[in-house]
Amino acid sequence: MSSQREIRLNAFDMNCVGHQSPGLWAHPRDRSWQYKDLEYWTDLARLLERGKFDGLFIADVLGIYDVLNGSGDAAIRQATQVPVNDPLALVTPMALVTEHLGFGLTASLSFEHPYPFARRLSTLDHLTKGRIGWNIVTSYLESGARNIGHQAQTDHDARYDYADEYLQVVYKLLEGSWEDGAILRDRRRRIFSDPSKIHPINHQGAFFQVPGIHLSEPSPQRTPVLYQAGASSRGKQFAAEHAECVFVASPSKALLKKTVADIRRRAAEAGRDPRSILIFNLQTVIVGETDRQAQEKWREYKSYTSYEGALALVSGWTGIDFGQYQPDQVLKHLHTNAIQSAVETFSSADPSREWTVQGIAEWVGIGGFGPLLVGSPQTVADELQAWVEETDVDGFNLAYAVTHETFTDVVELLIPELQKRGAYKRDYAAGTLREKLFNQGPRLAEPHPAVGYRWPAGAPLADELSVK
């Protein structure tokens, strides 16, 4: 392959067992059952920094996968993203043992008020010296909504109206409340902060009333790097307006090419440079020293996949209870909108295949919705470069089959091959995560909507009285 376009890589993990490969926790070399131990995360962070990964993208769900057979039993039995711990607590210890690795944190704005959440973001951005990203999600599990007292998930598009206002509040707090010169640390005059440069945001909206000031002083990036993972039309619109990085999960090049073009077109329509958004596709790679070794590894991994666990995942993602169908049932004969949409998605990966329930479970069994590449470093590097060339994607969120083994193979075998081809960085750029990713300053720049909330430009902060 001749392309020298630099491929960007995040590792994809979650504070749980197995993540995207249900059943593989039982593999004798898998460490995902140690997700609750600090060493699991600090070892992973050091490994990823050695491989010059852009970041660790940490997924999260608040709720359990209980669509399969109308119950959470399968998910619980198979450790299908349950038990699951809070992702925020992982960042600080990993930041302590690394200098450059970024941390993309999934946090649902459906379940947490923006006022305390903005403080958490600032705290993490301070402690990591500006290496935080926030993956903005609106959450899709009914079980999560019920457990915080909502009767059910709000309507899909209405969740994005809520998200728009949520971000307004966060931008006002992070970008607008404290001016750049607010911190004086003047020992002689005994003045730490200048009250005339710190402003209450006076937000009065449909969903939130937030009158006061942000509690944290400005962090290196102020607003963390913004990730978004919406696949719907409304989700892509939201991403085009706000996101700096977009995470998608297309199982085929044809579908990914369409998705990437759609996101870039929407960004241009929102007045942004379509190249300024980095798009990452979910991908899993199994790398061996030779193609044959990789295939053997893949067969060994496959013997541990859980049919029940995979169906619990795909049922939760699609809202379809696949437990009501036999494994050999052909899906195109089942007429529900959700099933047709799922079938279309999978058919793009292999149009000649008759997709059965068993076939979908096998696909999801290693690496979830995303495609799986198996081979030597040369074979996998060829494939990744082809995906970039043919779809215009910027990089990949790599899920694991067996952890940390999958990531060790990537760092020791695949990345040196990509570096040899000039398709992967040999060192990190200086500065914050935003500076490393975009080769620009540490803060959001025009025409991003957050910039309009800075003091005093645009001055959407209604009350200009300083805090006494």
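The following legends describe close-up views of a predicted model.

Local features are reported where pLDDT is at least 70 and side-chain atom pairs only at pLDDT 80 or more, whereas totals for chains, interfaces and linings use all residues. Residues are numbered from 1 along each chain as its sequence is written, and side-chain values use heavy atoms, with hydrogens and water left out.

**View 1. Domain 1 and domain 2 in contact.** Domain 1 comprises residues 8–178 + 205–288 + 371–453, and domain 2 comprises residues 306–365; these bounds come from an automatic or database domain assignment. The centres of the two domains, taken over C-alpha atoms, are separated by 25 Å. To the contact (heavy atoms within 4.5 Å), domain 1 contributes 23 residues and domain 2 contributes 22 residues.

**View 2. The area buried between domain 1 and domain 2.** The size of an interface is often given as the accessible area lost when the parts come together. Here the buried area (accessible area, 1.4 Å probe, that two parts lose on being put together, summed over both) is about 1700 Å², and carbon and sulfur atoms give 64% of it. Of the area that domain 1 buries against domain 2, 33% is supplied by Pro 22, Val 67 and Leu 68, more than by any other three residues.

**View 3. Polar and charged pairs across the domain interface.** One salt bridge (a side-chain nitrogen of Lys or Arg within 4 Å of a carboxyl oxygen of Asp or Glu) is found across the interface of domain 1 and domain 2. Six residue pairs, both residues at pLDDT 80 or more, are in polar contact across this interface; a polar contact is a pair of N or O atoms within 3.5 Å, where within protein one must be able to donate a hydrogen and the other to accept it, and residues adjacent in sequence count only if both atoms are side-chain atoms.

**View 4. The salt bridge of Arg 5 and Asp 392.** The structure holds 32 salt bridges. In the pair of Arg 5 and Asp 392, the closest N and O atoms are 3.0 Å apart. Arg 5 lies in the segment before β1 (8–14) and Asp 392 in the loop between α13 (377–391) and β13 (395–399), so the pair ties together parts that are 387 residues apart in sequence. Helices (H or I, at least four residues) and strands (E, at least two) are DSSP runs, numbered from the N terminus.
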